[in-house]
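Have the model open as you read.

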Amino acid sequence: MTFQELNNDQRREKVNSDQRYASWYEAKLRAESYRGSLVWQEVKGEQYLVRSYYDASGNRRQKSEGRRSPETEKIKADWEQGRQEAVERLKSMREVMVRQAAINRAVRLGRVPLMGARVIRALDEAGLLGNGIRIVGTNAVYAYEAVAGVMVDPDITTTLDIDLLLDARLSLRIVTSDDVAEPALIGLLRKVDKSFERTSETFRAVNREGYVVDLIKPQRNPPWQNERVQVGCVEDDLTAVPIDGLAWHESAPPFEAIAIDEKGGPVRIVASDPRVFAAYKLWLSGQPDRDPTKRRRDAAQARAVAQIVGRYLQHLPFEANDLRMLPRDLFDAAKPLFETNEAKDANSF
């Protein structure tokens with residue numbers, strides 16, 4: 001096997017980190033619910049309480065709560081008190097998360113490469129993670145190992161790129177902010193690192209350090225099927241490249257986990273079902289036109305993830321009823337990977 005279990009200290013702090021992340025996220029959502037304003041406006045000599053807010057499309061709206069009265073004054077007072085409490089709670093939880101990150105570093109829980117974690121967080125902030133974009137490829141392994149409480153051998157997880165699977169069947173909307181120049185994927189990447197530029201291969205962006213972001217989508221049949229190929233609509237945004245086999249990922253159930261980045265910070269990852277990941281990687285390792293080095297790594301990742309599922313994620317049995325998106329021959333070929341001998345211990349590295 002190519003992974004080791006977390007030790008007692010690491011397990012304890014992973015649990016603490018998950019719980020504190022959940023509290024921070026709840027505080028964040030509460031603070032965001034107060035985005036906008038609640039002010040008095042005078043109309044024809046009368047004062048009205050007017051609420052400014054943002055709708056589901058990110059557009060600013062206004063709504064009158066009524067004329068000034070004891071009732072509307074209470075609405076305003078309660079709103080201001082609630083907003084202040086939400087701001088203070090979020091500030092407190094941010095400080096807690098900073099301390100937890102230091103602990104996570106001390107017990108060596110950090111796994112996700114920092115640049116990859118920053119890209120994933122930007123997608124999450126924009127409302128795209130799990131809502132039109134999933135993490136596939138090597139970075140998905142960090143989600144599987146985080147739930148299982150293990151660490152996969154870095155020889156098969158170390159990566160300087162990230163693959164983003166575009167679900168072209170969905171209508172995507174980017175939640176923009178003032179520091180994102182345009183509602184597009186390239187804009188989000190430049191928020192993370194302003195040196196990101198789209199390459200001549202228009203599905204790919206690279207920063208000055210050579211970190212690669214690829215936007216990919218399933219190959220359709222017929223291949224000229226008309227569907228979304230971009231997140232945004234700006235001229236230099238990334239254009240997804242179609243790749244065989246990704247329809248299995250697209251149709252698979254989502255798999256969500258809180259992993260830890262290299263600096264100890266939690267990062268939410270939404271990937272595809274690990275059973276589909278392992279089967280896909282096994283299939284990929286057998287493609288004759290794939291680079292031999294990558295094929296060997298694909299096979300190693302397939303085995304590692306299948307072993308994680310077989311030993312630790314037993315609520316995910318390798319059964320045909322759950323995995324109807326896989327071709328039968330691929331399902332049959334992958335099934336032996338998930339047969340785990342419980343008497344064996346995970347090897348350390």
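## Helices α1 and α2

At what angle do helix α1 and helix α2 pack, and how far apart are their axes? The angle is about 155°, with the axes 9 Å apart. Here an axis is a line fitted to C-alpha atoms over the stretch in contact, and angles run from 0 to 180 degrees between N-to-C directions. The two helices, α1 (residues 8–32) and α2 (residues 70–106), are therefore roughly antiparallel (under 35 degrees is roughly parallel, over 145 roughly antiparallel, 65 to 115 roughly perpendicular, and the rest oblique).

Sorted by class, the contact has 10 nonpolar, 6 polar and 7 charged residues. Nonpolar covers Ala, Val, Leu, Ile, Met, Phe, Trp, Tyr, Cys and Pro; charged covers Asp, Glu, Lys and Arg; the others, Gly among them, are polar.

## Where the model comes from

This is a predicted model, where local features need pLDDT of at least 70 and side-chain atom pairs count only at pLDDT 80 or more, while totals for chains, interfaces and linings use all residues. Residues are numbered from 1 along each chain as its sequence is written, and side-chain values use heavy atoms, with hydrogens and water left out.

## Helices α3 and α5

Next up are α3 (residues 114–125) and α5 (residues 185–192), which pack at about 130° with axes 9 Å apart. That angle makes α3 oblique to α5. On the α3 side, Met115, Arg118, Val119, Ala122 and Leu123 make the contact, and on the α5 side it's Leu185, Leu188, Leu189 and Val192. That gives 8 nonpolar residues, no polar ones and 1 charged.

The axes of α7 and α8 come within 8 Å and cross at roughly 155°, so α7 is roughly antiparallel to α8. Phe277 and Lys281 are among the α7 residues that meet α8, whose side includes Asp298 and Val305. The contact counts 10 nonpolar, 2 polar and 4 charged residues.

Both helices also turn up in the lining of the second largest pocket, each supplying at least two residues.

Key:
Helix = DSSP H or I, 4+ residues; strand = E, 2+ residues; numbered from the N terminus. Contact = heavy atoms within 4.5 Å.
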